[in-house]
Structure formats: structure tokens, C-alpha cells
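Subject: Handover of a structure

Dear colleague,

Please find the structure below, together with its sequence. My notes on the findings follow it.

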Amino acid sequence: MENNIKIEIDNKLCNVSVVRVAITSLISQKDVPLDEITEIKTAISEAVTNCIEHAYEEENQKVVISAKLSTIDDMDFLLINIEDFGIGIEDVDLATTPGYTTKPELEHAGMGFTIMETFMDEITIDSKMGSGTKIKLMKKLRTRKVSNI
Amino acid sequence: MKYTYDKENESLKLELIEEIDMNSCKALRSIIDGYIIKYNPKECILDLNKVSFMDSSGLGLIMGRHSLIKMLNAKLTLVGPNESIKKIIKLSHIGKEIRII
């Protein structure tokens, strides 16, 4: 069994909360503990904010978020893809180093990827210079099962 | 944002009530700095009890206020972060430098 959603947003910071609400709504269909929902929201917020802050120099560019909720062998999995078509990440190892940021003057903490790695079970970064970046996030949900008596 | 200033202890308390992300950070930063510069307190307390969500931009916000407050020879205290926010703070070095209640 699976359920898919796809959201396309303009690269505006005010759209990050729209994505958070949509993802929260999707995973709330499962009985997921609140702290886990908050952690997933935080990870997605980091990924989408990255695209908006770093991928493009122009306005009105696209960021595409797709999420899949699937049940395999009675376990629930959440897969989220966050894709932009911007400049790409030159050095992924450097970009994912805790505390590294290209915008310290804007008080960026440089902790986005560290938070994604901490709060999700798996993260894959696929970036090509000049054509964009695709982030895949995966989490096995701690769904509370209703027992059949 | 609600604020209270305790004259006797020269302590400024700011109660944040919004979701803290990159979008809300810019406005929050200038409001918080405005209060800090106005009162020049010995202690600044950021009350996070009503903050339901914060990502790494909030971490940047806290780190920035911490540097400003250190420059003013004052101290920064965080009150009431939820478990996820606590986890995020502990991931960064700032967790060791400021008091969290």
C-alpha cells in the first residue's frame, strides 16, 4: 500500500511552511508520535530552505517536493525527494560539514545537513553543477499499531 | 513578541511565540536586537515555551544573539525549548556555551 503527494513551489521562503504543513498532514494519516512528526518537519524545512537560499540567483524558480508513504511488511516508511534545478553543490562533503556555511554574514548556522542526517534514517545527495540538486530523505516511522483483539 | 524588563536585576525577558524558520528569522533578529540595545541588560532570557517549531535558522539566530550579548558583557539564557529544539541546540557548539533551563 502506498500514498504519494507532489508539491511544486516557487523559491520563496514563505513557501517552506506550506511544505511543512503538507508533509505533517500526510504523515498524520498514520499514528506517528508528535516528536517524530516535529523531527521530520525540521528535516524537510532544512532541505527546502537550502534550495531556496542557495540553488538559484533568480526569483520564481521551482522547487519540487514529492513524498511517498508506503507500508511494507507491516512497517511504514516515508520517502521524501526535494529537487531543484539550480546551480548545484560544488563540494558535497564540504557542504555537509557541520557548521560550514557560505553565508555566515546572514547568520546561517551551517547545520542543515547535520539536522537532516540526525532526524532521518537515510539521506542521499545527488548534485550536478549547473543542473541542480536532488535530496532523498528516508524515515522508518514509529507508527503505533492498533492491535487486533 | 512579549517582553518584560526587570530593572532590579537588569534582566530582559523576551517571549517568542512564532515558528522560527528562515522566513521569520529576519524580523525576529531586528526586534530582539532592538530590545537588547534599548535596555543593555546584564541578562537576556529567550523564552521558547511557546515555540512549537524551530529549525537551524533558529540556531543561527541564537548564535548571533549570543555573540551580541557577549560583546555587551551580558549573558544569554534559553528557557523552555521543546525536546526537538533541545536536540538541535545540542548538535551545535552553542549548547555548551549558553544556559538552558
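Is Tyr3(B) buried, partly exposed or exposed? Tyr3(B) is partly exposed, its relative accessible area being 35%; buried means under 20%, exposed over 50% and partly exposed in between, with a 1.4 Å probe and protein chains only.

Please note that this is a predicted model, in which local features need pLDDT of at least 70, side-chain atom pairs count only at pLDDT 80 or more, and totals for chains, interfaces and linings use all residues. Residues are numbered from 1 along each chain as its sequence is written, chains are lettered from A and ligands numbered from 1 in the order in which they are written, and side-chain values use heavy atoms, with hydrogens and water left out.

The aromatic rings

Over all chains, the count comes to 3 aromatic pairs (rings of Phe, Tyr and Trp, the last by its six-membered ring, with centres within 6.5 Å; planes under 30 degrees apart are stacked, over 60 edge-to-face and the rest tilted). One of them joins Tyr3(B) and Tyr35(B) in a tilted arrangement, 4.4 Å centre to centre with 35 degrees between the planes. Tyr3(B) belongs to strand β1 (residues 2-6) of chain B and Tyr35(B) to helix α1 (residues 22-39) of chain B, so this pair ties together parts 32 residues apart in sequence. Here helices (H or I, at least four residues) and strands (E, at least two) are DSSP runs, numbered from the N terminus.

Tyr3(B) also forms a tilted pair with Tyr39(B), at 5.9 Å centre to centre and 40 degrees between the planes. That pair again links strand β1 of chain B with helix α1 of chain B, its residues being 36 apart. Tyr39(B) is buried, with a relative accessible area of 19%. Ring pairs link Tyr3(B), Tyr5(B), Tyr35(B) and Tyr39(B) into a cluster.

The interface

Chain A gives 23 residues to the contact and chain B gives 21 residues, where contact means heavy atoms within 4.5 Å. Across this interface there are 5 salt bridges (a side-chain nitrogen of Lys or Arg within 4 Å of a carboxyl oxygen of Asp or Glu). One of these salt bridges is formed by the side chains of Arg20(A) and Glu19(B), at 2.7 Å from N to O. On the side of chain A that touches chain B, the elements giving two or more residues are α1 (16-27), α2 (34-55) and α4 (112-119) of chain A. The largest share, 9 residues, comes from α2(A).

Yours sincerely
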